[in-house]
Amino acid sequence: MDARQQDIALFRYSLIREAAEAELSPGERGQLVRRLAAKDHARGDGTRVRVSRPTLDRWIRAYRS
């Protein structure tokens, strides 16, 4: 994994780590993911991005598998 790929992976993990917790109920996870999708997030290079709920859900599924 090169440095750029690692930066992307760390950014994604930083967004989903709380939502990926196994202890959360589906409802709690849904609320958390909706809150995450509703705001902008800073990447490592300082740019601001908004990530959609389906994308966050996909990242969580990939992380958990």
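**Reading helix packing**

Modeller: Gladly! Helix α2 and helix α3 are oblique to each other. Please keep in mind that this is a predicted model.

Biologist: What are two packed helices described by?

Modeller: The general idea is that two packed helices are described by the angle between their axes and by the distance between those axes. Here, the axes of α2 (residues 26–37) and α3 (residues 53–64) come within 9 Å and cross at roughly 125°.

Biologist: Which hand does the crossing of α2 and α3 have, left or right?

Modeller: The crossing in which α2 passes α3 is right-handed. On the α2 side, the contact is made by R29, G30, V33, R34, L36 and A37. The α3 side brings R53, L56, D57, I60 and R64. Sorted by class, this contact has five nonpolar, one polar and five charged residues.

Biologist: And at what angle do the axes of α1 and α3 cross?

Modeller: They cross at roughly 100° and come within 10 Å. The perpendicular class runs from 65 to 115 degrees, so α1 is roughly perpendicular to α3. In this pair, F11, R12, Y13, L15 and I16 of α1 meet L56, W59, I60 and Y63 of α3. By class, that contact has eight nonpolar, no polar and one charged residues.

Biologist: Now for the core. How many residues does the largest nonpolar core have, and which have the most contacts inside it?

Modeller: The largest nonpolar core has 14 residues, and L15, I16, V51, L56, W59 and I60 have the most contacts inside it. The elements giving two or more residues to this core are α1 (3–16), α2 and α3. With four residues, α2 gives the most.

Biologist: What is W59 in contact with, once its neighbours within four places in sequence are left aside?

Modeller: W59 is then in contact with F11, R12, L15, I16 and V51.

Biologist: Is L15 buried or exposed?

Modeller: The cut-off for buried is under 20% relative accessible area. L15, found in helix α1, has 9% relative accessibility and therefore counts as buried. L15 and A37 are 22 residues apart in sequence, and their C-alpha atoms are 9.8 Å apart in space.

Biologist: How does G30 count, buried or exposed?

Modeller: G30, which has its place in helix α2, counts as buried because its relative accessibility is 8%. From G30 to L56 there are 26 residues in sequence and 10 Å in space, C-alpha to C-alpha.

Biologist: What does Q31 count as?

Modeller: Q31 is found in helix α2 and counts as partly exposed, because its relative accessibility is 46%. The C-alpha atoms of Q31 and A19 are separated by 9.3 Å, with the two residues 12 apart along the chain.

Biologist: And where is the place of M1?

Modeller: M1 lies in the segment before α1. At 75% relative accessibility, M1 counts as exposed. M1 and R43 are 42 residues apart in sequence and 18 Å apart in space, C-alpha to C-alpha.

Note on methods. Residues are numbered from 1 along each chain as its sequence is written. This is a predicted model: local features need pLDDT of at least 70, side-chain atom pairs count only at pLDDT 80 or more; totals for chains, interfaces and linings use all residues. Side-chain values use heavy atoms; hydrogens and water are left out. Axes are lines fitted to C-alpha atoms, for helices over the stretch in contact, and angles run from 0 to 180 degrees between N-to-C directions. Angles under 35 degrees count as roughly parallel, over 145 as roughly antiparallel, 65 to 115 as roughly perpendicular and the rest as oblique. A crossing is left-handed if the near helix is turned anticlockwise from the far one by less than a right angle, and right-handed if clockwise. Contact means heavy atoms within 4.5 Å. Ala, Val, Leu, Ile, Met, Phe, Trp, Tyr, Cys and Pro count as nonpolar, Asp, Glu, Lys and Arg as charged, and the others, Gly among them, as polar. A nonpolar core is a set of buried Ala, Val, Leu, Ile, Met, Phe, Trp, Tyr and Cys residues joined through side-chain atoms within 4.5 Å. Buried means under 20% relative accessible area, exposed over 50%, partly exposed in between (1.4 Å probe, protein chains only).
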